[in-house]
Amino acid sequence: MRKFFAQPLEEKRKVRKDEKKAVGYYDNEHTKNVRDWKEVFDFVADKRILMAASHEPEDKEVPETFNQWPDYPPELRESCEEYAREVEKLAYKLMELIALSLGLPASRFSSFFEDPTRSVRLNHYPPCPAPHLALGVGRHKDVGALTILAQDDVGGLEVKRKSDGEWVRIKPTSDAYIINVGDILQVWSNDVYESVEHRVTVNSEKERFSIPFFFSPPHCTMVKPLGELTNEQNPAKYRAYNLGKFLATRRQSNFKKLDVENIQISHFKVQELANELDGALSINKK
């Protein structure tokens, strides 16, 4: 990572990603419509991955996305591919443990991950001359099932405390991973598990490196609460949504500032739908 990001910008941009090439180098990403203070290199754990071409429901195109590997450093590809294979084993074990914690068989999530989407991001946060005016990554929630995060000892990750809304710094622990629950697991568990909002701060003196591994089902998955976890007393709290279309909608905001908030699982809350209907009825009565 250090060797790759230490190169001149023109060298890194030889493998630059864009709205057509979904993986590679990028240094102009937006989170919540705000420019991040970071540069990244993305790759997928397989040789290629299928991703919905657009968020439009009638667009059935699902093009293949292939990794773009830089010439330098020559050992980067082999190291990254080996790392992804090993962390994937941890992801499967974690999903088994989560299933057991929900009172389900350990293999309950296995069918969702027969052809999983596994992507890895190399993050580099350079020193920032005005850290009080920028964020490495703005506040957000991860869209997948699980994120397994490796980080150096610099620190900067913060999570939003639910009790009072304060941002709490996560102190790096040597030789340990941070595990983030993602939106998909929140929906599957019908809010038993919660996708926690987090962000990354920067500093004026030290650069920071981190490696998140994102673990999700395939793009064609319809995400909805598990039937075993819903009943008349605890009805489904989310409407089903197509993962590929959801991700395609989110990708738009990575490359350009939008006029509206990018899509969230909260937009599929059943209660939100009820509120919309109540609002519409109220307007009609007036």
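## Asp42 and its partners

Leaving aside neighbours within four places in sequence, Asp42 is in contact with Lys17, Val23, Gly24, Val120 and Arg121. Contact here means heavy atoms within 4.5 Å. This is a predicted model: local features need pLDDT of at least 70, side-chain atom pairs count only at pLDDT 80 or more, and totals for chains, interfaces and linings use all residues. Residues are numbered from 1 along each chain as its sequence is written, and side-chain values use heavy atoms, with hydrogens and water left out.

Asp42 sits in strand E4 (residues 39–44). Helices (H or I, at least four residues) and strands (E, at least two) are DSSP runs, numbered from the N terminus. Asp42 is buried, at 7% relative accessible area. Buried means under 20% relative accessible area, exposed means over 50%, and partly exposed lies in between (1.4 Å probe, protein chains only). Two polar contacts involve the Asp42 side chain: one with the side chain of Lys17 at 2.6 Å, and one with the side chain of Arg121 at 2.7 Å. A polar contact is a pair of N or O atoms within 3.5 Å; within protein, one must be able to donate a hydrogen and the other to accept it, and residues adjacent in sequence count only if both atoms are side-chain atoms.

## Salt bridges

The whole structure holds 23 salt bridges. Each is a side-chain nitrogen of Lys or Arg within 4 Å of a carboxyl oxygen of Asp or Glu. One of them joins Lys17 and Glu29, with an N to O distance of 3.9 Å. Lys17 lies in the loop between helix H2 (9–12) and strand E1 (24–26), and Glu29 in the loop between E1 and strand E2 (30–31), so the pair ties together parts that are 12 residues apart in sequence. Both Lys17 and Glu29 are buried.

Lys162 and Glu194 form another salt bridge, at 3.0 Å, N to O. Lys162 is in the loop between strand E10 (157–160) and E11, while Glu194 is in the loop between H4 and E13, so this pair ties together parts 32 residues apart in sequence. Lys162 is exposed, at 69% relative accessible area. Glu194 is partly exposed, at 35%. Elsewhere, salt bridges that share partners join Lys17, Glu29, Asp36, Lys38, Asp42 and Arg121 into one network.

## A pair within helix H3

Lys89 and Glu86 also meet in a salt bridge, 3.3 Å from N to O. Both lie in helix H3 (residues 76–101), 3 residues apart, about one turn of the helix. Lys89 is exposed, with a relative accessible area of 53%. Glu86 counts as partly exposed, at 44% relative accessibility.

## Around Ser195

Where does Ser195 lie? Ser195 is in the loop between helix H4 (183–188) and strand E13 (198–200). Is Ser195 buried or exposed? Ser195 is buried, with a relative accessible area of 1%.

Beyond its neighbours within four places in sequence, Ser195 is in contact with Lys141, Asp142, Val181, Gly182, Asp183 and Gln186. Lys141 is 54 residues from Ser195 in sequence, yet their C-alpha atoms are 6.2 Å apart in space. A polar atom of the Ser195 side chain lies 3.4 Å from the backbone oxygen of Val181.

## A four-stranded sheet

An open sheet of 4 strands runs in the order E8-E13-E10-E11, with antiparallel pairing. Strand E8 (137–140) and strand E11 (167–169) are the edge strands, each pairing on one side only. Neighbouring strands of this sheet are turned by 20° against each other on average, direction ignored. For such angles, axes are lines fitted to C-alpha atoms, for helices over the stretch in contact, and angles run from 0 to 180 degrees between N-to-C directions.

E8 and E13 pair in the antiparallel sense over 2 bridges. Two strands pair if DSSP finds at least two bridges between them. Val137 has Val200 in E13 as its bridge partner.

## Cysteines and chain totals

The search of the whole structure finds 0 disulfides. A disulfide is a pair of cysteine sulfur atoms within 2.5 Å. Cys80 is buried, at 7% relative accessibility, whereas Cys220 is exposed, at 52% relative accessible area.

The protein chain has 6 helices and 16 strands. Of its 286 residues, 45% are buried. Among contacts in the protein chain with a separation of 6 or more, 73% come from residues 24 or more positions apart.
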